[in-house]
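A short briefing follows, grouped by topic.

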Amino acid sequence: MAASPPGSVRSQCPYCGVGCGLELLPPAAKNQPTRRDADGLPLWGTRGDRRHPSSLGQVCIKGATVCDTLRHGRLSQPLARASLDEPFQPISWDQAIDSIVARIRSSLASKGPGAIAMYGSGQFHIEDYYVAQKLLKGAIGTNNFDANSRLCMSSAVAGYARSLGSDGPPCCYEDLDHCAVAFLIGTNTAECHPVLFQRLLKRKRRQPGSVTIVVVDPRQTATSDAADLHLAIRPGTDLVLMHGLAHLMVQALTIDVEFIEESTEGFAAYAELQQAWTPERVSRLCGIPEAALRQLAQLWGQAPSVLSLWSMGLNQSVEGTAKVAGLINLHLLTGQIGKVGAGPFSLTGQPNAMGGREAGGLAHLLPGYRTVVDPSHRAVVEAAWRFEAGAIDPAPGLDAWRQVEAMESGALDLWWVAATNPLVSMPNLERVKAAVSRCPLVVLSDAYADTETAQYAHLLLPAAQWSEKPGVMVNSERRVTLCPAFRPPPGEARPDWQVFAEVGRRLGFVESFSYGSAAEVYAELTALTAGRLCDHSGLSHALLASEGPQQWPFPCGSAPSQEPRRLYTDHHFPTASGRARFIAEQPMGLAEPPSDGYPLVLTVGRYLGQWHTMTRTAKVPRLNALHPEPLLEIHPEDAGPLGLEDGSMAEIRSLRGTITARATVTERIRPGTVFLPMHWGFMQEQACEANALLHEQACPISRQPELKAAAVAVARVQEVAPVGANSSTSAAGRL
Ligand SMILES: Nc1nc2c(c(=O)[nH]1)N[C@H]1C(S)=C(S)[C@@H](COP(=O)(O)OP(=O)(O)OC[C@H]3O[C@@H](n4cnc5c(=O)[nH]c(N)nc54)[C@H](O)[C@@H]3O)O[C@H]1N2
Ligand SMILES: Nc1nc2c(c(=O)[nH]1)N[C@H]1C(S)=C(S)[C@@H](COP(=O)(O)OP(=O)(O)OC[C@H]3O[C@@H](n4cnc5c(=O)[nH]c(N)nc54)[C@H](O)[C@@H]3O)O[C@H]1N2
Ligand code: SF4
Ligand SMILES: [Mo]
């Protein structure tokens, strides 16, 4: 291993939920060419941190280029305007915070706390998340704090809680080295969690017979290219597939009767439900050969260990929670949980979406995996925060989409958006634009200046981002990493938690919000997790700095260790009975199935080299070169009758809008399904607002919208637009 140069810093990558360890190399380090950033400051170098147990020195192209994104286009001072048609003017932090506090006070007096809402992000550090909870749920008295995790992980959160009694992925990355079957469903791991995928591939290359990779995705992807078995199911039919697998495994008696009897409940109802899901019916509904279904059931049933990995292909659905439960059912049926190489493992999207869950960062949660509806949970948190009993509202607050609806109806006075870009990432974008335009005060805390959401804000607050503020992040395998500050923030940019704390103090809660450092904030949070499943109480900034990243549970007094920690190895679950629950739910299918007028299903996802709304990755020429433009994937059987050729421009229409994109005609997608990337918002030169086409219907339990499917029609655009002049609904929305 190359020795660490003096002054190098260890941190976690601030992109995906794999949470790889990075080693940041100071600009003056030997062998580093001196490159400079937008301000002429020397650039830090990046390499994988070999001592980080989650990634063992590996890093993907986004992690490797993160330092190139840190300076360009930053917001460096607070900016304000009275109305959306005026230009922004610089103001001081004092004035900015005064105007927020004045609005909160006037809203509290006229409408009550429900007129105030914050929409945060899995890209917050855990300290940002925590102080935001305390401000909204404690000091202001509204649970209207939600995060973009609602669009991302909320079905996994709800699914784990329903089936196992608590949120919290039970597995470790090390399970990839031991599983006999890797079941990848609704995840393009190769592009979205690249370092994990490479770990699996490397094993497969070294010992080809040791693991069988199964991928379930309506598209052929870089992930399915490595699969032994790829089931290109019809979008939205995953729960049908899972019931079909259960049916076959029960029939073949490849189930774990002892585990079912001793560690689960609800089996009878489940066994009855899946009787109807015969292989013939399932293969017809899913649009896959019956032989492939049988092959998979046999594989799973006979495997000594099955590890399932999933992400948005399951979560982003009107039956997202049922799909997650459907997958967990299969693990309970076969006893594939709480042991090495096995378990239902949701891959977290963002670098700290996990930490957000632990800090209580959704509208129904409180810190320490607690909920607002539980009186004893509220009492513990109120006491810890030293607010009066009853300070926390017992009703869940507005989730992401309901915040939009509240703006639409005029119920919200203040919408504070932080570390997310909803004017690209929310569904039904034209409706979002109209709703946001009605809100009297829209505040945006962002690190970058020209985001789509900034075009709809009145007040822009410059955020110090990763590398400029110390804080903690938690990755998909429950590993907690300290991310130190090693560069100065630009201009007047401040850490988000400091801004939230300042608002709390100016509202009169001086003592509750007088933190001296991020370490103090973290210490307060860890105390609130003591005795809970997500126990951080033995962790601190100091311990993480000296001992390196640690997995939770880490109760007070735990010895630091690199040994993998798994949950539920004793087969005892945090439900009332101590047993895990089978959930018997009938599949419902898509909220908006294809119809005569809109005969295709549009699905929307990601490219390897771009991160969400491109505020960071679009600043790296190497990443842009990987994907020069957004492309509509369409099968030749669908493209042919439309006269659509490879490379021609297509118009894509849904009930909510019309956009254009260049078509790539490919057999890699299922006939009847088309695909667009989510990344290119209306501020991009090649705007392609996929989310203008999507509807907002959501899972009734998790409230996660169905961002993976909407019915569309595609037509050929007669005039081929020159590259860079890609028109879209966006033009109308651009201010
Ligand atoms: N490069 C890159 N990596 C990222 C991100 C990024 O923006 N860029 N974002 C991060 C975040 S926040 C997240 S949440 C994750 C997301 O990670 P993934 O969920 O892996 O990514 P997506 O591309 O959104 O969707 C995954 C796959 O679901 C498939 N799919 C669509 N409909 C269905 C269906 O009905 N059933 C099944 N089985 N599959 C379906 C799509 O074809 C797609 O290939 O990625 C993280 N990593
Ligand atoms: N159709 C469709 N839509 C989707 C999805 C999909 O698969 N399909 N995926 C959904 C999912 S899973 C997700 S996670 C969302 C992601 O969607 P967004 O959250 O909207 O995407 P990002 O571009 O990551 O936005 C993060 C913002 O935070 C800023 N930022 C970075 N660091 C900091 C910081 O420390 N502080 C502050 N204040 N700002 C910071 C960045 O500049 C950027 O503007 O999109 C969702 N939308
Ligand atoms: S796999 Fe994810 S966490 Fe790891 S370097 Fe790539 S983007 Fe960063
Ligand atoms: Mo996500």
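**Aromatic rings and cysteines**

Tyr130 and Trp385 are both buried, where buried means under 20% relative accessible area, exposed over 50% and partly exposed in between, with a 1.4 Å probe and protein chains only. This is a predicted model, in which local features need pLDDT of at least 70, side-chain atom pairs count only at pLDDT 80 or more, and totals for chains, interfaces and linings use all residues. Residues are numbered from 1 along each chain as its sequence is written, chains are lettered from A and ligands numbered from 1 in the order in which they are written, and side-chain values use heavy atoms, with hydrogens and water left out.

**Ring pairs**

- Rings of Phe, Tyr and Trp (its six-membered ring) pair if their centres lie within 6.5 Å, and planes under 30 degrees apart count as stacked, over 60 as edge-to-face and the rest as tilted.
- The count by this rule is 21 aromatic pairs.
- The pair of Tyr15 and Trp611 is tilted, because the ring centres are 5.5 Å apart and the planes stand at 55°.
- Tyr15 is buried at 1% relative accessibility, and Trp611 is buried at 9%.
- Tyr130 and Trp385 form an edge-to-face pair, with 6.2 Å centre to centre and 70° between the planes.
- Phe124, Tyr129, Phe145, Trp416 and Phe500 are linked into a cluster by ring pairs.

**Cysteines**

- The structure holds zero disulfides, a disulfide being a pair of cysteine sulfur atoms within 2.5 Å.
- Cys152 counts as buried at 8% relative accessibility, and Cys439 is buried with a relative accessible area of 3%.
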